[in-house]
Structures are given as structure tokens and as C-alpha cells.
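Here is a short briefing on one protein chain. Keep the coordinates open while you read.

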Amino acid sequence: MIIQDVINHLEDFAPLAYAEDFDNVGLLVGNKNAKLSGILVTLDTLESVVDEAIENNCNLIVSFHPIIFKGLKKITGKTYVERVVLKAVKHDIAIYAIHTALDNSFKGVNDVICNQLELINKKVLIPQPQTIKKLTTFVPQAEAEQLRNAIFKVGAGNIGNYSNCSFNVEGTGTYKGNEYSNPTKGLKGTAHSEKETQITITYAKHLESQVLKTLFNTHSYEEVAYEITTLENKNQHIGIGMVGELKEPMSEIDFLTYLKSKMNTSNIRHSVLLGKPIKKVAVLGGSGSFAIEKAKAAGADVFITADLKYHDFFSAENSIILADIGHYESEQFTKNLLVAHLTKKITNFAVVLSKIDTNPVKYF
């Protein structure tokens with residue numbers, strides 16, 4: 001097995017196509033074709049984490065946060081980022097970051113928080129726009145079923161709880177090939193009419209290269225007629241943040257106590273309590289001030305996130321409780337999720353959960 005094989009498993013789970021534009025995800029350091037010796041999973045990649053990888057004979061570090069976020073103009077070892085990169089390169093250790101690709105996965109960061117809190121009826125808080133594409137193509141009627149099934153096989157045609165979804169219209173296609181053409185139906189230089197089926201299938205945008213490859217390999221025509229459009233429909237399985245419900249309502253104090261216990265945090269900064277029961281809960285791991293209004297619009301009684309500033313708490317406006325549990329604390333269980341996923345997929349290599357607490361924030 002090589003490092004690229006692990007990357008394939010990670011990107012099936014959290015496609016990089018859904019990472020935020022500002023982010024730096026994927027293989028940041030190392031050779032994707034290097035033979036794998038072991039995998040270390042961490043929230044952050046520090047020098048001590050690279051040392052841990054060396055001790056465990058792991059030549060791939062899977063990190064939630066990217067160690068390289070902004071461009072590096074020099075690598076002299078002056079900063080902790082430069083020292084990490086230098087040490088990783090020196091010891092032939094690759095570093096892969098998954099970050100907002102996993103934030104936007106339905107089974108990712110925010111689903112972990114919901115599961116910790118035992119929430120039900122979970123939905124994406126902020127669906128990512130323009131993630132659904134539509135393919136329209138035209139194929140000889142006798143070949144329509146074969147082409148549809150081939151495209152379904154690579155993951156297209158899924159809508160909610162339904163698969164193999166398509167729309168089909170029969171009609172007549174016409175064309176005339178020039179002297180350089182090599183038509184599979186009809187003759188070059190002669191106008192030809194063909195009974196065709198127009199097939200329309202939707203697919204998630206990260207599947208586009210596979211869908212097109214399948215279309216071209218399966219279609220019999222020398223020149224395949226097709227159209228691709230981007231839809232504005234919301235995809236409730238791709239996006240950031242989640243909202244769910246407690247099985248039974250709790251008082252505010254009971255809920256905050258429950259939250260501290262479940263999220264293993266000793267410090268919660270929160271807005272003024274409203275004297276109302278807590279039932280609907282919105283969550284967003286990491287820095288989530290941008291989603292306050294979305295949480296309010298979703299009807300959440302409380303919004304759990306991190307990195308709220310002083311003035312952010314005024315945005316509660318007596319309609320929601322804002323609860324800042326800490327950046328590390330909100331994402332701490334993410335590495336367990338990655339270890340569980342990789343362990344299921346890779347059984348003949350060590351997948352090691354980092355034991356290092358990388359939280360840079362300490363409480364007195």
C-alpha cells in the first residue's frame with residue numbers, strides 16, 4: 001500500500017471538492033507514491049507529533065488542521081511551522097490535512113458533536129451552494145439503458161433516499177459528418193437521423209470527472225453531445241454546522257452542565273440565559289461566529305461553537321443562547337472519527353491515535 005491509497009479512502013469520506021476556498025487541504029508534505037509504513041492521526045501537526053510519528057514508525061500524519069495555511073517564503077526553522085515541515089521532510093514523513101472538507105461532510109466534525117450530545121433529527125445548518133450538477137446527454141435508444149446504468153454505477157442519480165434517478169425523453173437526433181468524421185451510425189458526408197433518448201441525471205460535483213469518463217467510455221458516438229449545468233438546489237448532506245434535537249428538553253443550567261460533561265470542557269463562555277427549556281441545538285465546530293444568524297433562523301435554542309468575540313455575544317439578542325466551548329474542545333473528537341474510519345478501511349497497517357494534547361490554550 002502507498003500513501004495515495006490512504007488519501008483515496010480519506011477523500012471518499014470527505015471529498016476535497018467541498019473544502020472552503022480559503023483552506024489548504026490535501027497532501028501538504030511528502031510523496032504520495034511512497035510506500036506506507038503506518039498512519040498517525042492528530043488534530044494538529046506539531047514537532048512533538050512528528051516525533052510521535054517517528055517513534056511509531058508512521059510515515060503519514062493525517063491532521064485535521066493544516067500545518068501550512070499561508071504561503072511559506074522561507075523554510076529556515078524560525079517558526080514552528082517551518083520546523084515541523086523541516087523535520088517531516090528530513091524523516092520522509094508525509095502530512096495530509098482534511099480540515100474544512102471534513103467540516104462540510106455530513107458524517108464529519110459536526111456530526112461528531114451531535115453524537116456526543118446524543119441529538120436526533122440532525123440536519124445541515126448551512127448547506128453548501130452549487131454542489132449539485134446535472135448532466136444531459138443524447139444516446140441511441142438501444143444503448144440508453146447501458147449508459148444509464150454505467151453512470152449510476154459511479155454514484156450519479158442519487159437524490160435523498162433514492163438512487164438510479166433519471167429523466168428520459170425519446171426523440172430524433174440529426175447530424176452530418178464531414179470528410180474527417182468516423183460516425184458509428186450513418187455515413188460520413190450524408191445527413192443521418194437517429195432515434196435517440198435524452199437522458200438527464202444529477203450528481204454530486206466531486207463525481208464529475210468519473211461521470212464524464214464513464215460517459216465517454218460507454219457512449220458509442222465519436223462525438224458525444226452533452227450539457228452540464230450547476231443547480232441551485234440545496235444539498236442537505238453537504239455543508240457546515242448541524243442542527244438537531246435533544247430527546248427530552250432540559251433546563252438551561254442542566255444543559256450547560258450536560259454540555260461540559262459530554263464535550264469534556266471545564267469552561268463555557270455563554271450569553272445571558274433566557275429562562276427557557278433547551279430542545280433544539282445548533283453546533284459548529286471551530287470558529288463559528290459567522291453562523292449565529294443561521295442558528296437563530298433555524299429556531300435553535302442554543303448555538304454551540306468556539307472563538308466568539310465580546311461583541312458576538314450581543315448578537316444573541318435574547319433569542320438564543322450562544323455557548324463558546326473552546327476551539328480545541330469543539331473538535332477534539334474528530335481524530336477519533338478519522339481513526340475509526342481508517343481502521344475499517346485499512347486492516348494491515350497501524351492506524352495510531354495521537355496521544356499528544358495539542359491545545360495551545362490553557363486555563364488557570
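The notes below go through cores, a helix, a sheet, ring pairs and some single residues.

This is a predicted model. Its largest nonpolar core has 28 residues. An open sheet of six strands is also present, and the structure holds five aromatic pairs.

**Nonpolar cores**

- In the largest core, of 28 residues, the members that touch the most others are Ile39, Leu60, Ile98, Leu102 and Leu342.
- H1 gives the most, with five residues.
- Leu60 touches Ile3, Val6, Leu36, Gly38, Ile39, Leu40, Ile93, Ala94 and Tyr96, leaving out residues up to four places away in sequence.
- Another core, of 22 residues, lies apart from this one; among its members are Cys114, Ile268, Ala323 and Ile325.

**Helix H2**

- Helix H2 spans residues 47-55, and its buried residues are Val49, Val50, Glu52 and Ala53.
- These residues cover an arc of only 155° around the axis, so they sit on the same side of H2.
- The buried residues of H2 pack against S2, S3, helix H3 (80-90) and strand S15 (351-353).

**The six-stranded sheet**

- The strand order is S5-S10-S12-S13-S14-S11, and the pairing is mixed.
- S5 and strand S11 (269-270) stand at the edges. Each has a single partner strand, so one side of each is left without a neighbour in the sheet.
- S5 and strand S10 (residues 239-250) run antiparallel and are joined by five bridges.
- Pro127 has Gly239, in S10, as its bridge partner.
- H5 packs on the sheet and touches S5, S10 and strand S12 (278-287). The direction of H5 makes about 140° with that of S12.
- H8 packs on the sheet as well, touching S10, S11, S12, strand S13 (302-306) and strand S14 (321-324). The direction of H8 makes about 125° with that of S10.

**Aromatic pairs**

- The structure holds five aromatic pairs. One of them joins Phe216 and Tyr226: it is edge-to-face, 5.4 Å centre to centre, with 70° between the planes.
- Phe216 lies in helix H7 (residues 208-218) and Tyr226 in strand S9 (residues 226-231), so this pair ties together parts that are ten residues apart in sequence.
- Phe216 is partly exposed, at 39% relative accessibility. Tyr226 is partly exposed too, at 35%.
- The pair of Phe255 and Tyr258 is tilted, because the ring centres are 6.4 Å apart and the planes stand at 40°.
- Phe255 and Tyr258 are three residues apart in helix H8 (residues 252-262), which means that about one helical turn separates them.
- Phe255 is buried, at 1% relative accessibility.

**Thr131, a buried loop residue**

- Thr131 is in the loop between strand S5 (120-127) and strand S6 (132-140).
- Is Thr131 buried or exposed? Thr131 is buried, because its relative accessible area is 0%, and the cut-off for buried is under 20%.
- Beyond its neighbours within four places in sequence, Thr131 is in contact with Tyr18, Tyr203, Ala204, Lys205, Asn235 and Ile238.

**Positive phi in loops**

- Most residues other than glycine have a negative phi.
- Asn264 is not a glycine, yet has a positive phi of about 50°. Asn264 is in the loop between H8 and S11.
- Asn264 is exposed, with a relative accessible area of 56%.
- Asp307 is not a glycine either, and has a positive phi of about 65°. Asp307 is in the loop between S13 and S14.
- Asp307 is partly exposed, with a relative accessible area of 35%.

**Asn336 and Val352**

- Asn336 is in helix H11 and is partly exposed, at 36% relative accessible area.
- Asn336 and Val352 are 16 residues apart in sequence, and their C-alpha atoms are 9.9 Å apart in space.

Technical notes
Residues numbered from 1 in each chain as written. Predicted model: local features only at pLDDT ≥ 70, side-chain atom pairs only at ≥ 80, totals over all residues. Heavy atoms only, no water. Core = buried A, V, L, I, M, F, W, Y, C linked by side-chain atoms within 4.5 Å. Buried < 20%, exposed > 50% of the residue type's maximum accessible area, 1.4 Å probe, protein only. Helix = DSSP H or I, 4+ residues; strand = E, 2+ residues; numbered from the N terminus. Contact = heavy atoms within 4.5 Å. Arc of directions from axis to C-beta. Phe/Tyr/Trp six-rings, centres within 6.5 Å; stacked < 30°, edge-to-face > 60°. Pairing = 2+ DSSP bridges. Axes fitted to C-alpha atoms, helices over the stretch in contact; angles between N-to-C directions.
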